Amino acid sequence: MSGSAEKAESPVPPRVDHISTEKPGLQVYDAELTTTADGGEPVRQKWYQWFAPTDTPEERRVIVKLDALIMLFVFLAYWAKVLDQSATSAAYVSGMREDLRLFGNELNYLNTTYMVGFIALQIPLTLLMTRFSASWFIPAADVIWGVLTLAQYRVTSVRQLYVIRFFIGAAGSLFFPAVQWYLGCWYKRSELSRRSAFFFVASQIGGMSSGYIQSGAYASLNLRHGIEGWRWLYIICFACTIPIAILGFVCLPGQPENPKSLFLSAREISLAQERMRADHREPRKPLTLAVFKKVLVGWHFWVLVGFAFFFSQADGVSSNSGLPLWLKAEGHSVESINTITTVSPAVTIVSAIVCGVLSDAYDAKVSLIVATALLNILASVILAIWHVPTGLKFFAFFLAGSADGIAPVVYSWANEICAGDAEERAIVISSMNTLGNTFGAWLPLFVWRTTDAPRYLVGYNWTIALDIGMLIMVFVLRSFWNREKAKLAST
(Lines give C-alpha, C1' and ligand atoms only; values in the text may rest on other atoms or scores of the structure.)
Protein backbone atom coordinates (compact mmCIF):
# COMPACT_ATOMS: atom_id res chain seq x y z
CA MET A 1 0.00 0.00 0.00
CA SER A 2 1.46 3.32 -1.00
CA GLY A 3 2.48 5.67 1.75
CA SER A 4 1.48 8.69 -0.33
CA ALA A 5 -0.10 11.56 1.55
CA GLU A 6 -2.07 12.69 -1.49
CA LYS A 7 -5.85 12.51 -1.30
CA ALA A 8 -8.16 12.31 -4.27
CA GLU A 9 -11.24 14.47 -4.50
CA SER A 10 -14.60 13.01 -5.34
CA PRO A 11 -18.13 14.36 -5.49
CA VAL A 12 -20.73 13.16 -3.03
CA PRO A 13 -22.22 9.93 -4.40
CA PRO A 14 -25.78 9.90 -5.69
CA ARG A 15 -28.52 9.37 -3.14
CA VAL A 16 -30.77 6.34 -3.31
CA ASP A 17 -34.49 7.00 -3.42
CA HIS A 18 -35.65 3.65 -2.17
CA ILE A 19 -34.10 0.96 -0.02
CA SER A 20 -35.91 -2.02 1.37
CA THR A 21 -36.76 -1.90 5.08
CA GLU A 22 -35.85 -5.57 5.39
CA LYS A 23 -32.39 -6.75 6.44
CA PRO A 24 -31.03 -8.30 3.26
CA GLY A 25 -27.46 -9.27 2.52
CA LEU A 26 -24.93 -7.12 0.77
CA GLN A 27 -25.57 -8.57 -2.65
CA VAL A 28 -28.84 -6.72 -3.31
CA TYR A 29 -27.37 -3.22 -3.43
CA ASP A 30 -26.48 -1.20 -6.46
CA ALA A 31 -22.82 -0.92 -7.29
CA GLU A 32 -23.35 2.82 -7.82
CA LEU A 33 -23.29 3.27 -4.04
CA THR A 34 -19.59 3.94 -3.77
CA THR A 35 -17.85 6.73 -1.93
CA THR A 36 -14.52 6.28 -3.66
CA ALA A 37 -12.53 8.14 -6.21
CA ASP A 38 -9.80 7.50 -8.74
CA GLY A 39 -9.74 3.77 -9.17
CA GLY A 40 -11.59 2.84 -6.02
CA GLU A 41 -9.55 4.84 -3.47
CA PRO A 42 -11.73 6.36 -0.72
CA VAL A 43 -12.03 10.07 -0.08
CA ARG A 44 -10.32 10.48 3.27
CA GLN A 45 -11.01 12.79 6.19
CA LYS A 46 -8.28 15.13 7.40
CA TRP A 47 -6.31 14.14 10.48
CA TYR A 48 -8.42 16.34 12.75
CA GLN A 49 -11.75 15.15 11.32
CA TRP A 50 -13.75 12.11 12.38
CA PHE A 51 -15.80 11.86 9.17
CA ALA A 52 -14.93 11.93 5.47
CA PRO A 53 -16.23 14.88 3.40
CA THR A 54 -18.47 12.47 1.46
CA ASP A 55 -20.18 11.10 4.59
CA THR A 56 -23.78 12.30 4.64
CA PRO A 57 -25.40 13.36 7.95
CA GLU A 58 -27.28 10.07 7.96
CA GLU A 59 -24.09 8.10 7.42
CA ARG A 60 -22.34 10.03 10.16
CA ARG A 61 -25.06 9.07 12.62
CA VAL A 62 -24.55 5.43 11.67
CA ILE A 63 -20.79 5.72 12.24
CA VAL A 64 -21.33 7.28 15.67
CA LYS A 65 -23.74 4.48 16.58
CA LEU A 66 -21.30 1.81 15.44
CA ASP A 67 -18.55 3.44 17.48
CA ALA A 68 -20.76 3.43 20.57
CA LEU A 69 -21.89 -0.17 20.08
CA ILE A 70 -18.59 -1.75 19.03
CA MET A 71 -15.67 0.36 20.22
CA LEU A 72 -16.83 0.80 23.82
CA PHE A 73 -17.13 -2.95 24.29
CA VAL A 74 -13.86 -3.95 22.60
CA PHE A 75 -11.94 -1.28 24.55
CA LEU A 76 -13.30 -2.39 27.94
CA ALA A 77 -12.96 -6.08 27.06
CA TYR A 78 -9.29 -5.68 26.09
CA TRP A 79 -8.60 -3.72 29.27
CA ALA A 80 -10.17 -6.50 31.35
CA LYS A 81 -8.26 -9.13 29.38
CA VAL A 82 -4.92 -7.55 30.24
CA LEU A 83 -5.98 -7.22 33.88
CA ASP A 84 -6.80 -10.93 33.95
CA GLN A 85 -3.59 -11.91 32.16
CA SER A 86 -1.45 -10.17 34.76
CA ALA A 87 -3.35 -11.66 37.71
CA THR A 88 -1.29 -14.87 37.94
CA SER A 89 2.04 -13.05 38.15
CA ALA A 90 0.56 -10.69 40.75
CA ALA A 91 -0.92 -13.62 42.69
CA TYR A 92 2.43 -15.43 42.60
CA VAL A 93 4.19 -12.63 44.49
CA SER A 94 1.18 -12.01 46.75
CA GLY A 95 1.08 -15.33 48.58
CA MET A 96 0.20 -17.98 46.00
CA ARG A 97 3.81 -19.15 45.84
CA GLU A 98 3.86 -19.99 49.53
CA ASP A 99 0.30 -21.32 49.81
CA LEU A 100 0.68 -23.73 46.87
CA ARG A 101 4.38 -24.39 47.53
CA LEU A 102 5.58 -23.22 44.13
CA PHE A 103 9.30 -23.22 44.86
CA GLY A 104 10.59 -24.41 41.48
CA ASN A 105 9.83 -23.41 37.88
CA GLU A 106 6.07 -23.69 38.31
CA LEU A 107 5.41 -20.09 37.27
CA ASN A 108 7.23 -20.68 33.98
CA TYR A 109 5.26 -23.88 33.46
CA LEU A 110 2.01 -22.03 34.15
CA ASN A 111 2.90 -19.45 31.52
CA THR A 112 3.84 -22.23 29.11
CA THR A 113 0.56 -24.12 29.54
CA TYR A 114 -1.32 -20.86 28.95
CA MET A 115 0.61 -20.19 25.74
CA VAL A 116 0.12 -23.77 24.49
CA GLY A 117 -3.65 -23.37 24.72
CA PHE A 118 -3.44 -19.88 23.25
CA ILE A 119 -1.29 -20.79 20.24
CA ALA A 120 -2.86 -24.18 19.47
CA LEU A 121 -6.45 -22.93 19.31
CA GLN A 122 -6.18 -19.34 18.12
CA ILE A 123 -6.60 -20.01 14.40
CA PRO A 124 -9.29 -22.74 14.76
CA LEU A 125 -11.40 -20.68 17.17
CA THR A 126 -11.08 -17.53 15.07
CA LEU A 127 -12.29 -19.43 12.02
CA LEU A 128 -15.09 -21.02 14.05
CA MET A 129 -16.17 -17.55 15.11
CA THR A 130 -16.69 -16.59 11.47
CA ARG A 131 -19.22 -19.43 11.11
CA PHE A 132 -21.44 -17.94 13.81
CA SER A 133 -22.46 -14.48 14.89
CA ALA A 134 -19.49 -12.63 16.34
CA SER A 135 -21.95 -10.64 18.48
CA TRP A 136 -22.37 -13.64 20.75
CA PHE A 137 -19.26 -15.70 20.00
CA ILE A 138 -16.78 -13.06 21.23
CA PRO A 139 -18.69 -12.23 24.45
CA ALA A 140 -19.32 -15.96 25.07
CA ALA A 141 -15.58 -16.62 24.92
CA ASP A 142 -15.15 -13.79 27.44
CA VAL A 143 -17.68 -15.39 29.77
CA ILE A 144 -15.77 -18.68 29.61
CA TRP A 145 -12.54 -16.77 30.21
CA GLY A 146 -14.09 -15.03 33.23
CA VAL A 147 -15.49 -18.21 34.76
CA LEU A 148 -12.17 -20.02 34.37
CA THR A 149 -10.38 -17.03 35.88
CA LEU A 150 -12.71 -17.21 38.88
CA ALA A 151 -12.07 -20.95 39.19
CA GLN A 152 -8.42 -20.22 39.95
CA TYR A 153 -9.31 -18.74 43.32
CA ARG A 154 -10.43 -22.19 44.50
CA VAL A 155 -7.34 -24.16 43.47
CA THR A 156 -5.46 -26.16 46.06
CA SER A 157 -2.63 -27.49 43.90
CA VAL A 158 -0.52 -26.37 40.97
CA ARG A 159 -1.80 -29.31 38.87
CA GLN A 160 -5.27 -27.78 38.96
CA LEU A 161 -3.78 -24.48 37.86
CA TYR A 162 -2.03 -26.11 34.89
CA VAL A 163 -5.32 -27.42 33.54
CA ILE A 164 -7.19 -24.18 34.10
CA ARG A 165 -4.43 -22.03 32.58
CA PHE A 166 -4.47 -24.14 29.41
CA PHE A 167 -8.19 -23.57 28.89
CA ILE A 168 -7.92 -19.89 29.81
CA GLY A 169 -5.31 -19.52 27.09
CA ALA A 170 -7.62 -21.25 24.62
CA ALA A 171 -10.63 -19.12 25.60
CA GLY A 172 -8.69 -15.89 25.19
CA SER A 173 -6.83 -16.84 22.05
CA LEU A 174 -9.38 -15.64 19.52
CA PHE A 175 -10.06 -12.23 21.09
CA PHE A 176 -7.41 -10.06 19.39
CA PRO A 177 -7.68 -11.46 15.83
CA ALA A 178 -11.47 -11.78 16.14
CA VAL A 179 -11.86 -8.12 17.07
CA GLN A 180 -9.53 -7.02 14.26
CA TRP A 181 -11.58 -9.12 11.84
CA TYR A 182 -14.84 -7.76 13.26
CA LEU A 183 -13.74 -4.15 12.87
CA GLY A 184 -13.04 -4.98 9.24
CA CYS A 185 -16.67 -6.10 8.87
CA TRP A 186 -18.14 -2.70 9.81
CA TYR A 187 -15.61 0.02 9.00
CA LYS A 188 -14.20 1.28 5.71
CA ARG A 189 -10.48 1.14 5.01
CA SER A 190 -10.19 4.90 5.67
CA GLU A 191 -11.72 4.40 9.14
CA LEU A 192 -10.02 1.24 10.34
CA SER A 193 -6.62 2.35 11.63
CA ARG A 194 -7.84 4.83 14.21
CA ARG A 195 -10.45 2.34 15.50
CA SER A 196 -7.78 -0.33 15.67
CA ALA A 197 -5.56 2.15 17.54
CA PHE A 198 -8.33 2.90 20.06
CA PHE A 199 -8.75 -0.84 20.61
CA PHE A 200 -5.00 -1.41 20.94
CA VAL A 201 -4.55 1.43 23.43
CA ALA A 202 -6.76 -0.45 25.90
CA SER A 203 -4.03 -3.08 26.32
CA GLN A 204 -1.51 -0.42 27.30
CA ILE A 205 -3.89 1.23 29.73
CA GLY A 206 -4.65 -2.20 31.17
CA GLY A 207 -0.97 -2.85 31.70
CA MET A 208 -0.47 0.54 33.35
CA SER A 209 -3.49 0.24 35.66
CA SER A 210 -3.33 -3.45 36.61
CA GLY A 211 -0.54 -3.04 39.14
CA TYR A 212 -2.37 -0.29 41.02
CA ILE A 213 -5.67 -2.18 41.00
CA GLN A 214 -4.11 -5.42 42.16
CA SER A 215 -1.97 -3.87 44.89
CA GLY A 216 -4.97 -1.90 46.20
CA ALA A 217 -7.18 -4.99 46.14
CA TYR A 218 -4.63 -7.07 48.01
CA ALA A 219 -4.10 -4.39 50.67
CA SER A 220 -7.82 -3.92 51.33
CA LEU A 221 -9.17 -7.47 50.90
CA ASN A 222 -6.47 -9.81 52.20
CA LEU A 223 -8.13 -12.36 54.54
CA ARG A 224 -11.51 -10.66 54.16
CA HIS A 225 -14.08 -13.44 54.73
CA GLY A 226 -11.14 -15.77 55.30
CA ILE A 227 -9.95 -15.52 51.67
CA GLU A 228 -6.29 -14.82 50.99
CA GLY A 229 -5.45 -11.66 49.08
CA TRP A 230 -4.07 -13.47 46.04
CA ARG A 231 -7.34 -15.36 45.66
CA TRP A 232 -9.25 -12.08 45.76
CA LEU A 233 -7.32 -10.96 42.69
CA TYR A 234 -9.06 -13.64 40.62
CA ILE A 235 -12.45 -12.77 42.07
CA ILE A 236 -11.97 -9.11 41.13
CA CYS A 237 -10.93 -10.07 37.58
CA PHE A 238 -14.10 -12.15 37.26
CA ALA A 239 -16.19 -9.25 38.56
CA CYS A 240 -14.70 -6.96 35.90
CA THR A 241 -14.93 -9.44 33.01
CA ILE A 242 -18.52 -10.70 33.23
CA PRO A 243 -20.36 -7.33 33.14
CA ILE A 244 -18.27 -6.32 30.13
CA ALA A 245 -19.11 -9.61 28.39
CA ILE A 246 -22.82 -8.97 29.04
CA LEU A 247 -22.36 -5.53 27.48
CA GLY A 248 -21.02 -7.29 24.40
CA PHE A 249 -24.08 -9.53 24.14
CA VAL A 250 -26.29 -6.45 24.27
CA CYS A 251 -24.33 -4.06 22.07
CA LEU A 252 -22.49 -5.92 19.30
CA PRO A 253 -24.59 -5.73 16.12
CA GLY A 254 -23.71 -9.05 14.48
CA GLN A 255 -22.26 -8.89 10.97
CA PRO A 256 -23.54 -6.60 8.18
CA GLU A 257 -24.94 -9.52 6.16
CA ASN A 258 -26.64 -10.96 9.26
CA PRO A 259 -27.27 -8.03 11.61
CA LYS A 260 -28.73 -8.51 15.08
CA SER A 261 -29.06 -5.22 16.88
CA LEU A 262 -31.55 -3.60 19.20
CA PHE A 263 -30.11 -0.18 18.49
CA LEU A 264 -29.82 0.02 14.69
CA SER A 265 -32.89 0.64 12.55
CA ALA A 266 -33.54 -1.18 9.29
CA ARG A 267 -32.50 1.92 7.38
CA GLU A 268 -29.26 2.25 9.39
CA ILE A 269 -28.42 -1.39 8.79
CA SER A 270 -29.05 -0.92 5.07
CA LEU A 271 -26.77 2.09 5.02
CA ALA A 272 -24.05 0.18 6.90
CA GLN A 273 -24.31 -2.58 4.31
CA GLU A 274 -24.03 -0.05 1.48
CA ARG A 275 -20.87 1.34 3.04
CA MET A 276 -19.22 -2.07 3.06
CA ARG A 277 -20.23 -2.80 -0.51
CA ALA A 278 -18.84 0.58 -1.57
CA ASP A 279 -15.56 -0.38 0.10
CA HIS A 280 -15.51 -3.74 -1.73
CA ARG A 281 -15.93 -5.66 1.53
CA GLU A 282 -17.34 -9.10 0.87
CA PRO A 283 -19.66 -11.02 3.23
CA ARG A 284 -18.93 -14.48 4.58
CA LYS A 285 -19.04 -17.56 2.36
CA PRO A 286 -18.90 -21.30 3.13
CA LEU A 287 -15.57 -22.34 4.63
CA THR A 288 -14.33 -25.16 2.38
CA LEU A 289 -11.05 -26.82 1.47
CA ALA A 290 -11.06 -24.74 -1.69
CA VAL A 291 -10.95 -21.60 0.47
CA PHE A 292 -7.87 -22.86 2.35
CA LYS A 293 -6.20 -23.79 -0.92
CA LYS A 294 -6.91 -20.37 -2.39
CA VAL A 295 -5.47 -18.66 0.69
CA LEU A 296 -2.34 -20.80 0.82
CA VAL A 297 -1.46 -20.39 -2.86
CA GLY A 298 -1.95 -16.62 -2.83
CA TRP A 299 0.59 -13.97 -1.87
CA HIS A 300 -1.62 -12.37 0.80
CA PHE A 301 -0.98 -15.13 3.33
CA TRP A 302 2.74 -15.58 2.85
CA VAL A 303 3.76 -11.95 2.54
CA LEU A 304 1.57 -10.67 5.38
CA VAL A 305 2.46 -13.50 7.74
CA GLY A 306 6.13 -13.16 6.78
CA PHE A 307 5.98 -9.45 7.51
CA ALA A 308 4.27 -10.22 10.84
CA PHE A 309 7.27 -12.26 11.99
CA PHE A 310 9.58 -9.24 11.84
CA PHE A 311 6.99 -6.81 13.18
CA SER A 312 5.88 -8.98 16.09
CA GLN A 313 9.40 -9.58 17.43
CA ALA A 314 10.75 -6.05 16.89
CA ASP A 315 9.29 -4.71 20.15
CA GLY A 316 11.80 -6.65 22.25
CA VAL A 317 13.34 -3.55 23.85
CA SER A 318 10.04 -2.42 25.37
CA SER A 319 8.55 -5.86 26.04
CA ASN A 320 11.53 -7.22 27.97
CA SER A 321 12.87 -6.05 31.31
CA GLY A 322 15.90 -4.00 30.31
CA LEU A 323 14.64 -0.66 31.63
CA PRO A 324 13.50 -1.76 35.13
CA LEU A 325 16.59 -3.93 35.62
CA TRP A 326 18.87 -1.06 34.61
CA LEU A 327 17.03 1.30 36.96
CA LYS A 328 17.39 -1.24 39.78
CA ALA A 329 21.12 -1.58 39.09
CA GLU A 330 21.40 2.21 39.21
CA GLY A 331 19.92 2.21 42.72
CA HIS A 332 16.43 3.58 42.02
CA SER A 333 13.73 2.83 44.57
CA VAL A 334 10.82 0.49 43.81
CA GLU A 335 8.45 3.46 43.69
CA SER A 336 10.75 5.27 41.26
CA ILE A 337 11.07 2.21 39.03
CA ASN A 338 7.29 1.71 38.95
CA THR A 339 6.79 5.35 38.00
CA ILE A 340 9.51 5.65 35.37
CA THR A 341 8.55 2.43 33.58
CA THR A 342 5.04 3.79 32.90
CA VAL A 343 6.61 6.17 30.37
CA SER A 344 7.17 3.38 27.81
CA PRO A 345 3.48 2.34 27.54
CA ALA A 346 2.56 6.02 27.48
CA VAL A 347 4.84 6.46 24.45
CA THR A 348 3.17 3.42 22.87
CA ILE A 349 -0.28 4.95 23.43
CA VAL A 350 0.70 8.24 21.81
CA SER A 351 2.45 6.45 18.95
CA ALA A 352 -0.55 4.20 18.27
CA ILE A 353 -2.99 7.10 18.21
CA VAL A 354 -0.75 9.20 15.95
CA CYS A 355 -0.16 6.28 13.57
CA GLY A 356 -3.85 5.39 13.48
CA VAL A 357 -4.97 8.94 12.74
CA LEU A 358 -2.32 9.62 10.09
CA SER A 359 -2.86 6.24 8.42
CA ASP A 360 -6.58 6.91 7.99
CA ALA A 361 -6.12 10.52 6.91
CA TYR A 362 -3.23 10.16 4.49
CA ASP A 363 -3.00 6.44 3.71
CA ALA A 364 0.57 6.69 5.00
CA LYS A 365 0.99 3.08 6.11
CA VAL A 366 4.37 2.52 4.49
CA SER A 367 5.76 5.85 5.69
CA LEU A 368 4.60 5.20 9.26
CA ILE A 369 6.05 1.69 9.33
CA VAL A 370 9.36 2.89 7.91
CA ALA A 371 9.58 5.79 10.37
CA THR A 372 8.81 3.51 13.32
CA ALA A 373 11.41 0.95 12.24
CA LEU A 374 14.07 3.66 11.89
CA LEU A 375 13.25 5.06 15.34
CA ASN A 376 13.48 1.58 16.82
CA ILE A 377 16.84 1.03 15.10
CA LEU A 378 18.11 4.30 16.57
CA ALA A 379 17.00 3.26 20.06
CA SER A 380 18.57 -0.19 19.70
CA VAL A 381 21.87 1.20 18.39
CA ILE A 382 22.14 3.51 21.40
CA LEU A 383 21.39 0.66 23.80
CA ALA A 384 23.78 -1.70 22.02
CA ILE A 385 26.57 0.85 22.49
CA TRP A 386 25.37 1.14 26.12
CA HIS A 387 28.15 3.39 27.42
CA VAL A 388 26.37 6.64 26.63
CA PRO A 389 25.12 9.54 28.78
CA THR A 390 22.32 8.58 31.17
CA GLY A 391 19.86 10.97 29.53
CA LEU A 392 20.50 9.42 26.12
CA LYS A 393 19.93 5.96 27.56
CA PHE A 394 16.58 7.07 29.01
CA PHE A 395 15.72 8.54 25.61
CA ALA A 396 16.49 5.22 23.88
CA PHE A 397 14.42 3.14 26.28
CA PHE A 398 11.46 5.49 25.98
CA LEU A 399 11.79 5.82 22.19
CA ALA A 400 11.59 2.02 21.89
CA GLY A 401 8.04 2.26 23.21
CA SER A 402 7.00 3.49 19.77
CA ALA A 403 7.67 0.05 18.24
CA ASP A 404 4.23 -1.32 19.09
CA GLY A 405 2.49 1.82 17.90
CA ILE A 406 2.23 0.55 14.33
CA ALA A 407 0.22 -2.54 15.32
CA PRO A 408 -3.10 -0.83 14.42
CA VAL A 409 -1.67 0.12 11.02
CA VAL A 410 -0.39 -3.38 10.29
CA TYR A 411 -3.64 -5.18 11.10
CA SER A 412 -5.77 -2.55 9.37
CA TRP A 413 -3.64 -3.00 6.26
CA ALA A 414 -4.22 -6.77 6.43
CA ASN A 415 -7.96 -6.10 6.69
CA GLU A 416 -7.78 -3.89 3.62
CA ILE A 417 -5.67 -6.26 1.52
CA CYS A 418 -7.96 -9.21 2.28
CA ALA A 419 -11.19 -7.21 2.07
CA GLY A 420 -12.54 -9.30 -0.79
CA ASP A 421 -12.66 -12.56 1.19
CA ALA A 422 -13.97 -12.70 4.78
CA GLU A 423 -12.56 -16.16 5.36
CA GLU A 424 -9.13 -15.16 4.07
CA ARG A 425 -9.18 -12.16 6.40
CA ALA A 426 -9.78 -14.43 9.38
CA ILE A 427 -7.10 -16.93 8.36
CA VAL A 428 -4.48 -14.29 7.62
CA ILE A 429 -5.08 -12.05 10.65
CA SER A 430 -5.17 -14.96 13.11
CA SER A 431 -2.07 -16.52 11.50
CA MET A 432 -0.18 -13.23 11.79
CA ASN A 433 -0.94 -13.08 15.50
CA THR A 434 -0.30 -16.77 16.09
CA LEU A 435 3.11 -16.62 14.43
CA GLY A 436 4.12 -13.68 16.61
CA ASN A 437 3.02 -15.41 19.79
CA THR A 438 4.65 -18.70 18.78
CA PHE A 439 8.08 -17.16 18.32
CA GLY A 440 7.53 -14.85 21.27
CA ALA A 441 7.02 -17.87 23.53
CA TRP A 442 10.53 -19.30 23.10
CA LEU A 443 12.78 -16.93 21.16
CA PRO A 444 13.40 -14.55 24.12
CA LEU A 445 14.93 -17.45 26.05
CA PHE A 446 17.87 -17.32 23.64
CA VAL A 447 17.94 -13.66 22.63
CA TRP A 448 16.90 -11.87 25.83
CA ARG A 449 18.77 -14.01 28.35
CA THR A 450 18.47 -12.99 31.98
CA THR A 451 22.22 -13.38 32.42
CA ASP A 452 22.75 -10.56 29.89
CA ALA A 453 20.54 -8.08 31.75
CA PRO A 454 20.35 -5.16 31.79
CA ARG A 455 22.69 -4.81 28.80
CA TYR A 456 21.01 -7.20 26.40
CA LEU A 457 23.69 -6.87 23.72
CA VAL A 458 22.37 -9.84 21.72
CA GLY A 459 18.79 -8.64 22.13
CA TYR A 460 19.46 -5.09 21.00
CA ASN A 461 21.39 -6.24 17.93
CA TRP A 462 18.66 -8.80 17.18
CA THR A 463 16.13 -5.95 17.26
CA ILE A 464 18.20 -3.99 14.75
CA ALA A 465 18.25 -7.01 12.42
CA LEU A 466 14.47 -7.45 12.80
CA ASP A 467 13.80 -3.82 11.95
CA ILE A 468 16.02 -4.06 8.87
CA GLY A 469 14.05 -7.16 7.85
CA MET A 470 10.81 -5.27 8.46
CA LEU A 471 12.00 -2.41 6.24
CA ILE A 472 12.70 -4.87 3.43
CA MET A 473 9.39 -6.69 3.89
CA VAL A 474 7.27 -3.53 3.95
CA PHE A 475 8.49 -2.61 0.48
CA VAL A 476 7.94 -6.17 -0.72
CA LEU A 477 4.41 -5.96 0.66
CA ARG A 478 3.79 -2.57 -0.96
CA SER A 479 5.04 -3.87 -4.31
CA PHE A 480 2.68 -6.85 -4.27
CA TRP A 481 -0.25 -4.71 -3.13
CA ASN A 482 0.34 -1.97 -5.71
CA ARG A 483 0.47 -4.57 -8.49
CA GLU A 484 -2.78 -6.12 -7.30
CA LYS A 485 -4.52 -2.74 -7.11
CA ALA A 486 -3.34 -1.87 -10.60
CA LYS A 487 -4.66 -5.18 -11.90
CA LEU A 488 -8.03 -4.65 -10.21
CA ALA A 489 -8.25 -1.12 -11.58
CA SER A 490 -7.67 -2.34 -15.13
CA THR A 491 -10.44 -4.96 -15.04
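**Exercise 1.** Determine whether Arg 97 is buried, partly exposed or exposed in this predicted model, and then classify its salt-bridge partner.

*Solution.* Begin with the relative accessible area of Arg 97, which is 28%. Buried means under 20% and exposed means over 50%, so Arg 97 is partly exposed. Its side chain meets that of Glu 98 in a salt bridge at 3.8 Å, N to O, and Glu 98, with a relative accessible area of 44%, is partly exposed as well.

**Exercise 2.** Work out which parts of the chain are linked by the salt bridge between Asp 279 and Arg 189, and classify both residues by accessibility.

*Solution.* The two side chains meet at 3.0 Å, N to O. Asp 279 lies in the loop between helix 9 and helix 10 (289–297), whereas Arg 189 belongs to helix 7, so that the pair links distant parts of the chain, 90 residues apart. With relative accessible areas of 3% for Asp 279 and 9% for Arg 189, both residues are buried.

**Exercise 3.** Locate the nonpolar surface patch that includes Leu 262, and decide whether Leu 262 is buried or exposed.

*Solution.* The patch is formed by Leu 128, Phe 132, Trp 136, Ile 246, Phe 249, Val 250, Leu 262 and Phe 263, which together have about 760 Å² of accessible area. Helix 8 (residues 229–251) contributes the largest share, 3 residues. Leu 262 itself lies in the loop between strand 4 (258–259) and helix 9 (266–278), and its relative accessibility of 73% makes it exposed.

Note on methods. Residues are numbered from 1 along each chain as its sequence is written. This is a predicted model: local features need pLDDT of at least 70, side-chain atom pairs count only at pLDDT 80 or more; totals for chains, interfaces and linings use all residues. Side-chain values use heavy atoms; hydrogens and water are left out. Patches are made of residues with over 30% relative accessible area and no salt bridge: like charges are joined within 9 Å, nonpolar side chains (Val, Leu, Ile, Met, Phe, Trp, Tyr) within 5 Å. Accessible areas come from the Shrake-Rupley method with a 1.4 Å probe; for residues, only the protein chains shown count as cover. A salt bridge is a side-chain nitrogen of Lys or Arg within 4 Å of a carboxyl oxygen of Asp or Glu. Helices (H or I, at least four residues) and strands (E, at least two) are DSSP runs, numbered from the N terminus. Buried means under 20% relative accessible area, exposed over 50%, partly exposed in between (1.4 Å probe, protein chains only).
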